[in-house]
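This report looks at salt bridges in one protein model. Please have the sequence and the structure open while reading.

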Amino acid sequence: MAVHDECKLKFLELKAKRTYRFIVYKIEEKQKQVVVEKFGEPTESYEDFAASLPADECRYAVYDFDFVTEENCQKSRIFFIAWSPDTARVRSKMIYASSKDRFKRELDGIQVELQATDPTEMGLDVIKSRAT
């Protein structure tokens, strides 16, 4: 599975310049490559991000999560989320599962990885607990 250059470029912008809050990636099966489907502005919320994932199709996503530690320090963690809902096609789930590690290696700087099959597995409470 090839990775479109834009995937890495947008990720670098999210990581270094904080241009985006999140990026959603999609595998184009005909072209056999991962492409950027959507990105969220820095002002967008976690709910906006969660709503941008399709209910019955797999996606990869990167989310830049800001939080404050118990010591009152402002921090951020970059999450990689492999979204694979139960209602997605089996073939699609297999393609996403088999391509995930290679794609993730292309995005240097991911701090936390989540695998989610329904929205509760990537809820804000899960993100918060995994960030610290």
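The text below goes through the salt bridges and the exposure of their partners.

The model is predicted, so local features need pLDDT of at least 70 and side-chain atom pairs count only at pLDDT 80 or more, while totals for chains, interfaces and linings use all residues. Residues are numbered from 1 along each chain as its sequence is written, and side-chain values use heavy atoms, with hydrogens and water left out.

A salt bridge here is a side-chain nitrogen of Lys or Arg within 4 Å of a carboxyl oxygen of Asp or Glu. The search of the whole structure finds 11 salt bridges. The table gives some of them.

| Salt bridge | Closest N and O atoms |
|---|---|
| Glutamate 113 and lysine 100 | 2.7 Å |
| Glutamate 113 and lysine 104 | 2.3 Å |
| Glutamate 106 and arginine 102 | 3.7 Å |

Glutamate 113 forms a salt bridge with lysine 100. Glutamate 113 lies in strand β6 (residues 112-116) and lysine 100 in helix α3 (residues 90-106), so this pair ties together parts that are 13 residues apart in sequence. Helices (H or I, at least four residues) and strands (E, at least two) are DSSP runs, numbered from the N terminus.

Buried means under 20% relative accessible area, exposed over 50%, and partly exposed in between (1.4 Å probe, protein chains only). Lysine 100 is buried at 15%, whereas glutamate 113 is partly exposed at 24%. Lysine 104 is partly exposed, at 24%.

Glutamate 106 and arginine 102 are four residues apart in helix α3, so about one helical turn separates them. Glutamate 106 is partly exposed at 25%, and arginine 102 is partly exposed at 37%.
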